[in-house]
Amino acid sequence: IKRHSSFKVPCKYDSSLFELFMSGFFFKDTGDQKSSWEEIKADLCSSKPMDRLLCGDVGFGKTEVAMRAAFVSLVNKKRVLVLAPTTILVQQLYSCFSDRLSPFGFVCGQISRITSKHFVLFNGFISGEIDVLIGTHSVVRNLDVLKTADLLIVDEEHRFGVKDKEFVFSINPSCDFLSMSATPIPRSLQFSLSGVRDISLMLTAPISRKPVIVN
């Protein structure tokens with residue numbers, strides 16, 4: 001799926017404001033984390049819509065990089081839609097994004113099967129009262145929400161179907177698309193390696209990360 005003829009308004013990068021945002025990150029970037037962020041930043045500041053797969057194991061810092069992408073987009077008056085396959089992941093992402101973004105005045109909302117008044121949250125995102133909307137994949141069924149999003153972040157990319165992605169691009173071809181996965185599906189990996197879509201690999205574990213023990 002490639003959007004050759006689509007264009008978007010590129011983000012302007014404010015280094016001083018970004019450094020202030022980074023003061024809330026209390027760890028040191030791995031080399032992969034740093035290079036992945038530089039690639040994503042270049043995508044955001046380009047007039048070509050981003051279509052990038054961020055691939056790395058659990059605990060390697062993918063969410064942190066995604067929050068940086070969200071921050072740069074929000075500073076540029078853009079709105080961010082974050083999708084996850086389960087309610088638990090939605091809650092986890094909502095907590096992470098809120099903690100980092102709310103000190104800068106950005107408002108996050110979450111939608112899942114345990115939240116109520118979804119129409120209020122949808123309308124808040126569409127009207128601009130909510131800057132970041134985090135929900136399960138069912139959120140993309142709301143066309144107005146989908147059209148409003150400038151950056152779409154998908155966690156657990158292998159749970160997001162190809163038809164869903166084609167639908168997103170048909171409704172909002174100019175949105176930036178960042179997907180994250182520890183185990184990308186073969187089709188996505190093939191597209192990335194063949195150059196149809198871009199890929200950033202995070203293969204280095206943070207110093208403080210402990211290995212997974214399988215019993």
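Start by selecting helix α5, residues 118-127, in this predicted model. Its buried residues are L121, F122, G124 and F125. Look down the axis: these residues span an arc of only 160 degrees, which means they sit on the same side of α5. An α-helix has 3.6 residues a turn, so residues three or four places apart point the same way.

Next, show what covers that side. The cover over the buried residues of α5 includes β2 (80-84), β3 (108-111), β4 (132-136) and α6 (143-148). The helix α5 lies across β2, β3 and β4, and runs at about 140 degrees to β3. Step past the end of α5 to G128, which follows the helix and has a positive phi, near 100 degrees.

Now display the whole chain as a cartoon. There are 8 helices and 7 strands. Of the 215 residues, 47% are buried. Among contacts between residues at least 6 apart in sequence, 77% join residues at least 24 apart. If a surface is drawn, the chain exposes about 10800 Å², with carbon and sulfur atoms supplying 57% of it.

Select the strands. The 7 strands form an open sheet in the order β3-β4-β2-β5-β6-β1-β7, with parallel pairing.

Zoom in on β2 and β4, which run parallel and are joined by 5 bridges. Here A84 has T136 of β4 as its bridge partner.

The largest nonpolar core has 35 residues, and I40, F97, L101, V132 and I153 have the most contacts inside it. The greatest contribution comes from α3, with 8 residues.

Which residues does I153 touch, not counting those up to four places away in sequence? Select I153 and display A66, A70, V80, L81, V82, L83, F97, L178 and M180.

Finish at a second, separate core of 20 residues, which includes L121, I130, V139 and A149. Selecting L121 leads back to α5, where L121 is one of the buried residues.

Key: Residues numbered from 1 in each chain as written. Predicted model: local features only at pLDDT ≥ 70, side-chain atom pairs only at ≥ 80, totals over all residues. Heavy atoms only, no water. Buried < 20%, exposed > 50% of the residue type's maximum accessible area, 1.4 Å probe, protein only. Helix = DSSP H or I, 4+ residues; strand = E, 2+ residues; numbered from the N terminus. Arc of directions from axis to C-beta. Contact = heavy atoms within 4.5 Å. Areas by Shrake-Rupley, 256 points an atom, 1.4 Å probe, with all protein chains shown as cover. Core = buried A, V, L, I, M, F, W, Y, C linked by side-chain atoms within 4.5 Å. Pairing = 2+ DSSP bridges. Axes fitted to C-alpha atoms, helices over the stretch in contact; angles between N-to-C directions.
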